[in-house]
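User: I am new to reading protein models, and I would like to go through this one step by step. Please show it first, and then let me ask about it.

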Amino acid sequence: MRGVLGFALVLPPLLVLVFLVILPAISAVITTLTPATGVVTAAPLANYAEVLGTRTLRTDIVFTVIVTLVAVAMVFCLSYPLALYLRFVRTRIAALLGVVFMVPLFVPVVIASFAMITFLVGHGLVSTVLFRLGVERFPRLVYNATGIVLTEVWVSIPFAVLILGAGLQAIDDALIDSARDVGAGPLRTFLAIILPLNATPTMITLTLLFIAIFGSFTIPYLVGGNAPQMLGVTMTNYLTQYLRRTESATMAVIAFIIASVIGIVYVASVSRRERAAP
Amino acid sequence: MMSRKPPIRAVCAALSLALIAFVIGAAGPGAAQSPITLNVYINGDTNIFDLWNKTLLPAFTKRYPQYRANFVPLLHGNGSQGVLDKILAAKQANKPTDVDLWETDPTYVTQGAPNGLWVKLTTQLIPNLTRVPPDKLRATDYYSMPYRGSSVVIAYNTAFVKTPPRTLDDLLAWIKANPGKFTYCDPNTGGSGQAFMVAVVYKFAPMAQYTGGAPYDQAKEAAWDPAWQMLKGLEPAMYNNGFHPNGNVAVLQLLAQQNVYIAPVWSDMGTDYLKRGLLPKTVKLEQITPPLFGGDSTVTAPAGSTHLEGTFTLLNWLLTPEAQQMVITSVSGYPGVDWKYMPASVRQQFADVAKPYAPLPDSKYFADMQRLWHERVAGGG
């Protein structure tokens, strides 16, 4: 009886998943494997060959992966020290900083993007400050990869700090204290105790960040340049501007394959934690 | 072929009928002797909503107190497919539709025309239709009526450009001679950029092949190659070494900040920006030869409306000098009627831009142009 009730409760989200995600995804995959009308003798992977054979699209795919990796690395390098600070420093300033760093979480992405544009454009604050400091020649900061990375980093830091921080909270103070008692310095404590114990939240943070940034649309659309573009923008252009549904779906499947590699890492780290839990 | 109705259509039809029944039911009692309410569905941006809601409709109901207007906005055309489906469902069920007037894109007018969804407009129904240039009415086979228009023109800053280019070739030469002082928006993001791209394509390939419903043949696109080479060659002479901003507004801002001295802009947006002081007074607008493209905004009368008399009254009134003047004052549009019916002061105001404009390419060619621009011009290959 309880099983039936439980199933009834998960049924609505399950139906949404099946009818609005899985079935459309399958039909999209079928579309990409069907040759274009009029073409008689075409290999089943003709659409993929065409997409990957178009130089601009290849560039866009590589561009998307590189921008995502750079943004994830930057977010991670900035968030980890912050999460450590918020976990181990117990002062009023630390508590205040903890609140301040969460602010981007409550700013809509569109507004964050426009804020970054006004901040980074040719006559914006950053350029003005650099100019006053005597730096007259510097690379363009917006409408290119730099702008996308900076905005993605700004938007993603609170999320990364939250997940990393939650993992750090779970580490028992006694372990750290005992490490110190036997003479371990801060670096040794970090490398031998904190980093391994926080490995699963770290993997979760990295994979979720990758997938979120890889599939983002608003930031690359508003802050990115004309070319190369990230896949989210390219797919939208192919679907709505160029009226090329099949190419768009093919790119979506390619993007899905890339993201699912990362997804496997995520599932593996989560299930390892499940098994490790008592 | 059309007899088998896909189930999704049937579901939509049933839902729309339910909605119509609900609307009629709700409006039933109490609406008996009061003025007739016309449901006016308008596709557009907020400036067009203000034009209808704050200017045109109040003036119309003041002049014709037997009518009231219920304004239904469709921002950027969102929901247009739903409106078309609703009118179609009502037609198939032999029921009236609650849409009494619809301003929409030609593509929806064309889709609905074979099903007899629209009234074919004649001068018997709308006497003022004689003032509209006939070729504009022929464009949609008399199923819709242009009431305002705009085209892309060239904006130039007289503080820096002493002798403005009058032709496309002059403009192309000017761009090369003045690197960094011209740009157009990414054609995916705004019509002003599209118009410049299309003008260069038309320079090398005869426009008649790609406009006016010519059959689609991808092989004909090979003729565009020299255009892509030319546009690619212009990239180093663009603002910021090949930067194309997103959207029509971003280009106007570059003009306002005097980062660029010449750029293609929409006539109505440019005039409006000048009027509001958002562009320096030294900026002037002009149409070049051959002209950049433009288009008319049209209104359509659904045949299933139960208030067609009111719809025709409104359509006829829209073409009066009174209403046309409102269009010019509030959104700086071109009139839907022939320029000769407008006062001399208006003709004077638009003298540099009120010229014939080029037609838009057909949708498939247009989509391919935008894709190829990205592959061949922005993408660098």
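Analyst: What follows is a set of questions and answers about this structure. It is a predicted model, in which local features need pLDDT of at least 70, side-chain atom pairs count only at pLDDT 80 or more, and totals for chains, interfaces and linings use all residues. Residues are numbered from 1 along each chain as its sequence is written, while chains are lettered from A and ligands numbered from 1 in the order in which they are written.

User: What average pLDDT does chain B have?

Analyst: The pLDDT is the predictor's confidence in each residue, from 0 to 100. In chain B, 91% of the residues score at least 70, although over residues 21-32 of chain B the value is below 50. The average pLDDT of chain B is 87.

User: Which helix gives the most to the side of chain A that touches chain B?

Analyst: Two residues are in contact if their C-beta atoms, placed from the backbone, lie within 7 Å, and the contact between the chains takes 13 residues from chain A and 15 residues from chain B. Helices (H or I, at least four residues) and strands (E, at least two) are DSSP runs, numbered from the N terminus. On the side of chain A that touches chain B, helix H3 (55-88) and helix H12 (231-241) of chain A each supply at least two residues. With three residues, the helix that gives the most to this side is H3(A).

User: How far apart are the C-alpha centres of domain 1 of chain B and domain 2 of chain B?

Analyst: Chain B is divided into domain 1 (9-18 + 34-148 + 296-349) and domain 2 (150-294 + 355-378), with bounds that come from an automatic or database domain assignment. The contact between them takes four residues from domain 1 of chain B and six residues from domain 2 of chain B. The separation of their C-alpha centres is 30 Å.

User: Is B:Trp102 buried or exposed?

Analyst: B:Trp102 is found in strand S3 (residues 101-104) of chain B, and, leaving out residues up to four places away in sequence, B:Trp102 touches B:Tyr41, B:Val83, B:Val299, B:Thr300 and B:Pro302. A residue is buried if 20 or more other C-beta atoms lie within 10 Å of its own, exposed if 12 or fewer, and partly exposed in between, with C-beta atoms placed from the backbone. Because B:Trp102 has 30 C-beta neighbours inside 10 Å, B:Trp102 counts as buried.

User: What is the omega of the peptide bond from A:Ala227 to A:Pro228?

Analyst: Most residues other than glycine have a negative phi, and most peptide bonds are trans. A:Pro228 lies in the loop between helix H11 (218-223) and H12 of chain A. The bond from A:Ala227 to A:Pro228 is cis, and its omega is near -10°.

User: Which residue is joined to B:Pro290 by a cis peptide bond?

Analyst: The place of B:Pro290 is in the loop between strand S6 (283-286) and strand S7 (294-300) of chain B. The omega of the cis bond is about -15°, and the residue joined to B:Pro290 is B:Thr289.

User: What is the phi of B:Asn94?

Analyst: B:Asn94 is found in the loop between helix H3 (80-92) and S3 of chain B, and B:Asn94 counts as exposed because it has 7 C-beta neighbours inside 10 Å. Its phi is positive in a residue other than glycine, with a value near 55°.
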